[in-house]
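Look at the sequence and the 3D structure below. The paragraphs that follow walk through a few of the helices and the contacts between charged side chains.

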Amino acid sequence: MRKKELLNSIENPDAQLAMEAQAGNVDAEETLIRKYSSLVISKTKAYFMAGADSNDLIQEGMIGLMRAVRRFDGKRETNFAAFADRCITNQIISAIRSADRIKHKPLNTSDSLSRPISREQAEGGYAGEVTLGDTISANLADTPEEMLIMKDVTYYILNNGDNVFSDMEMQVLGETLKGYSYDQVAARLGKSRKAVDNALQRIKRKINNYLWK
């Protein structure tokens with residue numbers, strides 16, 4: 001075992017389990033699947049599916065997790081958890097983007113950021129008039145699910161080398177994902193609050209279009 005692989009096995013026991021699973025250790029594989037199944041479920045909850053069994057996306061997430069176990073390379077990767085997160089995310093987003101309208105209708109009914117939300121969720125607004133995307137603009141990202149979608153899709157887009165966001169949008173997005181408020185983002189970038197809001201609205205539209213159109 002090389003030095004880097006040895007360090008991985010000591011500092012990141014999941015990396016060792018992945019290598020043992022690849023060598024045919026069924027118990028090691030099952031241990032990782034059980035441990036990270038909760039991550040799959042939390043990921044899929046962010047991509048709410050209307051009129052369909054949530055198991056559709058959970059199955060896609062589990063495929064991503066299995067790929068992580070089987071493809072983890074201790075020579076290149078330093079953290080199995082991060083690698084698994086990427087594999088799960090990529091599988092879920094790829095499934096949503098490539099779903100056939102007829103053969104995979106449930107995936108095509110996944111709710112996007114433009115989905116009307118309920119009266120309770122709208123916080124005083126009216127159901128059907130306020131969208132999931134709109135709730136992000138209330139304070140950049142009001143819920144963990146919204147922030148997760150923004151982080152996941154941004155990573156997916158950039159990792160695939162797609163040129164979607166402008167320089168200004170990338171700056172706003174970067175500060176947004178750090179958890180800064182409108183005013184803080186504006187101050188850090190030397191822009192007006194309105195400019196930040198406009199950039200964020202464009203970002204949300206591009207994320208929505210990238211995923212579901």
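Predicted model: local features only at pLDDT ≥ 70, side-chain atom pairs only at ≥ 80, totals over all residues.

The expected span of a helix is 1.5 Å times one less than its number of residues. Helix 3 covers residues 26-46, and its 21 residues should span 30 Å at 1.5 Å a residue; the end C-alpha atoms are 30 Å apart, so the two values agree. Helix 3 also has a kink of about 40°, centred on Y36.

The N-terminal end of helix 3 is capped by N25, which has a side-chain oxygen 3.0 Å from the backbone nitrogen of D27. Further along, several residues of helix 3 are buried, including L32, I33, Y36 and V40.

Side chains of opposite charge can pair when their charged atoms come close. The structure holds 10 salt bridges. In one of them, the side chains of K43 and D85 meet, with 3.1 Å from N to O. This pair links distant parts of the chain, since K43 is in helix 3 and D85 is in helix 5 (residues 80-98), 42 residues apart. K43 has a relative accessible area of 3% and is therefore buried, while D85, at 26%, is partly exposed. D152 belongs with these two residues: K43, D85 and D152 are linked in a network of salt bridges.

Which residues does E175 pair with? One partner is K178, where the closest N and O atoms are 3.5 Å apart. Another is R188, whose side chain meets that of E175 at 2.5 Å, N to O. R188 lies in helix 10 and E175 in helix 9 (residues 167-176), so this pair ties together parts that are 13 residues apart in sequence. E175 has a relative accessible area of 10%, and because buried means under 20%, E175 counts as buried. K178 is exposed, at 54% relative accessibility, and R188 is partly exposed, at 46%.

Helix 10, residues 182-189, also contains Q184. A polar atom of the Q184 side chain lies 2.8 Å from the backbone nitrogen of S181. Q184 is partly exposed, with a relative accessible area of 40%.

Definitions and conventions
Residues numbered from 1 in each chain as written. Heavy atoms only, no water. Helix = DSSP H or I, 4+ residues; strand = E, 2+ residues; numbered from the N terminus. Buried < 20%, exposed > 50% of the residue type's maximum accessible area, 1.4 Å probe, protein only. Polar contact = N/O pair within 3.5 Å; in protein donor to acceptor, adjacent residues only side chain to side chain. Bend = angle between axes of the 7 residues up to and from the residue. Salt bridge = Lys/Arg side-chain N within 4 Å of Asp/Glu carboxyl O.
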